[in-house]
Amino acid sequence: MANLNIDSIKERTFDAIVIGSGMSGGWAAKEFTGKGLKALVLERGRDVKHLKDYPTTNLYPWEFPHHGVVPDAVQKANPIVNRCYAFGEDAMHFFVKDAEHPYVQEKPFDWIRGYQTGGKSLLWARQTQRWSDFDFEGPERDGFAVDWPIRYADIAPWYSYVEKFAGISGNRDGLAELPDGEFLPAFPLNAVETYFSNHLKKNYKGRHVISARCAHLSKPNQIHLDQGRGQCQERTLCQRGCPFGGYFSANSSTIPWALKTGLCTLRPHSVVESIIYDDKKGKATGVRVIDAQTKEAIEYYAPVIFVNAAALNSNLILLNSRSSRFPNGLGNDSGTLGKYVAFHNYSAHINAEYDGAKEWTTDGRNPAGGGYIPRFRNLHKQETNYLRGYAAGLYAYRGRMQSGEGIGEDLKKNLVNKELGGWQVGSHMMGETIPKESNYVALDKSLKDPWGIPQLKISVDYDDNDEKMKKDYIEQMTEMFTSAGFKNIRPGTDHRAPGLDIHEMGGVRMGKDPKTSMLDKWHRLHACPNVYVTDGASMTSTSCQNPSLTYMAFTARAVDHAVGEMKKGNLS
Amino acid sequence: MNRRAAIRNMALILGGAIVLPSCLHDDKGKAIVELERLKIDAEQEKLVNSLTQTILPKTDTPGAAELGINLFVFKMMDDCASKEQQADFITGLKTFADEAKNQMNKAFADGTDQERTAFVQSVEKQSTDKNFKDDGKLMAFYQMVKGQTIFGYTTSKFFMTKQVVYELVPGRYNAMYPASKATA
């Protein structure tokens with residue numbers, strides 16, 4: 001019996017445990033196993049294998065029972081996830097339904113989740129811009145949050161490292177605020193996007209429209225072919241999972257790469273209840289898992305643990321990892337755990353029309369989505385009545401003059417009208433928000449989820465800074481659209497709850513001082529340095545770039561550090 | 001409505017085997033189409049079928065009946081419409097039937113092509129009238145049927161392969177494409 005136990009413990013012991021198999025967890029799995037270490041990857045959802053588990057990927061619109069529309073019963077049962085733009089009949093099986101994992105909204109928060117191998121990396125919008133020192137120096141310069149313990153120089157080589165493997169398309173635009181990367185060819189701007197780009201270049205110093213940089217294989221390199229991935233075929237049906245592996249997802253890239261080493265054990269249906277802290281050893285020794293199907297508790301052990309459960313679930317796990325040493329959550333000596341949560345403000349947009357460029361249109365579809373306007377507000381110095389700034393999408397398209405007017409023969413003719421309409425132009429705001437102590441997540445005192453874990457209580461809201469920034473976005477875009485000669489300019493705002501941006505960040509922030517932050521410059525818990533957090537939870541500030549690329553780079557860098565520590569014997 | 005039932009219903013209707021309701025004593029009869037949330041009788045079913053065919057008749061290309069668009073409309077109204085929309089649909093359907101009877105002196109479905117077209121044209125005209133008060137939900141009903149007919153048609157295999165071709169795998173993005181080529 002004793003031997004059996006020892007064997008059993010041995011079987012449950014690994015060199016590293018990675019909690020989560022998504023955007024950042026996939027990278028941790030790849031890096032650990034690539035360096036010859038045995039990694040256990042815990043995924044709370046089901047296994048979704050590349051190609052095999054994309055049931056809708058090759059369906060035509062008419063092959064869906066409702067031609068893509070989500071049935072009313074599903075909509076009514078899922079008011080939260082139904083608000084996500086990608087929650088359609090073709091991809092709804094990849095989203096967590098509202099009832100499946102309840103949480104408490106102290107203030108409205110749309111928590112959009114993907115519980116499966118690959119997590120939300122299957123579903124993301126694939127925009128990948130680097131941060132610069134304008135971003136990392138933000139909190140210190142503008143006096144909010146705490147200073148980042150790292151700068152661009154620390155992360156730049158790791159951006160390069162992950163970009164080469166993931167495959168990022170883009171142009172070398174030479175902008176200090178949006179550093180160039182290791183790019184595959186960009187998806188070019190169309191006639192009106194180019195027109196607007198030139199208009200800004202001529203008339204607005206420091207404002208640019210560039211081809212959106214995105215994680216698509218516009219022209220695969222050998223390293224991508226080695227992953228079994230091929231060239232992007234411009235389907236723009238990415239949320240179904242790509243049969244070509246044309247965009248980066250953990251499913252198509254990092255996870256199969258890790259599994260191929262033979263050193264990776266992927267365990268689906270594994271809800272991490274907590275990280276086990278050994279008071280005597282003064283470190284974390286493993287994790288306690290609840291099997292999502294059997295509800296059985298199982299423990300796994302490793303000298304190093306990576307927390308990549310996605311921002312808010314990483315918070316939840318640490319908050320629920322209580323011990324006599326850490327009664328308020330693992331590593332929470334500073335009392336900042338769960339606090340300073342922030343997000344991106346997507347609540348404004350603008351649409352217009354353009355009469356020119358009638359000789360041009362587009363053919364095929366653009367997976368990059370069009371252009372990207374890097375942040376130009378408060379970049380070099382404070383110049384507005386609010387802090388920080390926003391990036392913006394910028395896209396133009398022409399549709400057919402299809403109309404549903406009339407009945408009979410007339411209607412049929414109107415529906416096949418191939419004549420082109422004028423150009424439609426659109427933009428949406430992506431604003432930085434300021435992390436505040438009052439925007440927090442915490443464990444609910446009484447409510448539990450189906451696995452017996454306290455429900456997460458979320459209390460996150462916009463503030464005055466966000467409102468002012470939104471107003472400025474509308475003003476600046478309206479002015480630029482007007483001077484460009486765009487017509488029928490229609491700015492709009494919505495009252496979406498935070499969370500729908502799916503860029504929730506923070507709660508386990510990095511910082512130099514253990515008294516005011518959770519993680520050091522290597523993403524280790526100050527107070528429990530064999531636990532690393534490298535997903536959105538670790539973000540000290542949010543900047544306005546889409547964050548996934550930064551999580552990938554953070555993770556690869558942190559694993560490199562962890563393995564270095566192991567080799568030095570610091571983690572045994 | 002489940003997919004299997006839809007297929008079976010489509011086979012029935014396409015096969016012209018609409019002789020079943022004779023065994024029913026209810027004077028209005030039971031609808032053939034199997035719906036879960038939307039309650040309609042055989043007469044109402046006939047009206048909607050007939051309306052989709054009037055909106056989208058067979059010409060030199062297939063119409064609503066040939067493409068089973070009527071079944072798609074029922075499916076969408078049954079599965080995807082909200083309770084409120086379904087209530088409006090039923091109310092408007094009754095108003096539509098009454099108005100048609102007034103104007104045509106017979107049930108809408110019993111009208112000739114010309115009679116039905118004339119009535120629907122008059123409804124179309126009202127739909128552009130800003131002062132029209134849709135108290136009987138006639139317009140709400142009509143627009144739901146027309147909207148779903150158009151949606152079902154433009155996303156049908158026929159339309160997407162023969163009329164305006166939908167490419168599942170474009171394999172290209174030409175950012176600068178001559179407009180003259182696109183309309184050719």
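**Entry 1: strand E14 of chain A**

Two strands pair if DSSP finds at least two bridges between them. I kept this criterion at hand while reading the model, which is a predicted one.

I first looked up strand E14 of chain A, which covers residues 348-354. I found that E14(A) and strand E21 (residues 487-493) of chain A are joined by five bridges and run antiparallel. Within E21(A), A:Pro491 is the residue opposite A:Ile350. I then turned to strand E18 of chain A, residues 420-432. Six bridges link E18(A) to E14(A), again in an antiparallel arrangement. Here I noted A:Ser427 as the bridge partner of A:Ile350.

Which side chains of E14(A) point to the buried face? I listed A:Ala348, A:Ile350, A:Ala352 and A:Tyr354, which point to one face and are buried.

**Entry 2: a sheet in chain A**

I next examined an open sheet of three strands in chain A, with the order E8-E9-E10 and antiparallel pairing. Why is one side of E8 and of E10 left without a neighbour in the sheet? Strand E8 (270-278) and strand E10 (297-301) of chain A stand at the edges and have a single partner strand each, so one side of each lacks a neighbour there. On average, neighbouring strands of this sheet are turned by 30° against each other, direction ignored.

I also followed the pairing of strand E9 (residues 283-291) of chain A with E10(A), which is antiparallel and has five bridges. A:Gly286 lies opposite A:Tyr301 of E10(A).

**Entry 3: chain B**

I counted nine helices and one strand in chain B. Read from the N terminus, the order of elements is α-α-α-α-α-α-α-α-β-α. Of the 184 residues in chain B, 35% are buried. Among contacts in chain B between residues at least 6 apart in sequence, I noted that 59% join residues at least 24 apart.

**Entry 4: two helices of chain B**

Finally, I inspected helix H4 (residues 69-79) and helix H7 (residues 138-154) of chain B, which pack at an angle of about 115° with axes 9 Å apart. The crossing of H4(B) past H7(B) is right-handed. On the H4(B) side I recorded B:Ile69, B:Phe72, B:Val73, B:Met76 and B:Met77. The residues they meet in H7(B) include B:Met144, B:Val145 and B:Tyr153. How many residues of this contact are charged? I found no charged residues, with eight nonpolar and three polar.

Note on methods
Residues are numbered from 1 along each chain as its sequence is written. Chains are lettered from A and ligands numbered from 1 in the order in which they are written. This is a predicted model: local features need pLDDT of at least 70, side-chain atom pairs count only at pLDDT 80 or more; totals for chains, interfaces and linings use all residues. A residue is buried if 20 or more other C-beta atoms lie within 10 Å of its own, exposed if 12 or fewer, and partly exposed in between; C-beta atoms are placed from the backbone. Helices (H or I, at least four residues) and strands (E, at least two) are DSSP runs, numbered from the N terminus. Axes are lines fitted to C-alpha atoms, for helices over the stretch in contact, and angles run from 0 to 180 degrees between N-to-C directions. A crossing is left-handed if the near helix is turned anticlockwise from the far one by less than a right angle, and right-handed if clockwise. Two residues are in contact if their C-beta atoms, placed from the backbone, lie within 7 Å. Ala, Val, Leu, Ile, Met, Phe, Trp, Tyr, Cys and Pro count as nonpolar, Asp, Glu, Lys and Arg as charged, and the others, Gly among them, as polar.
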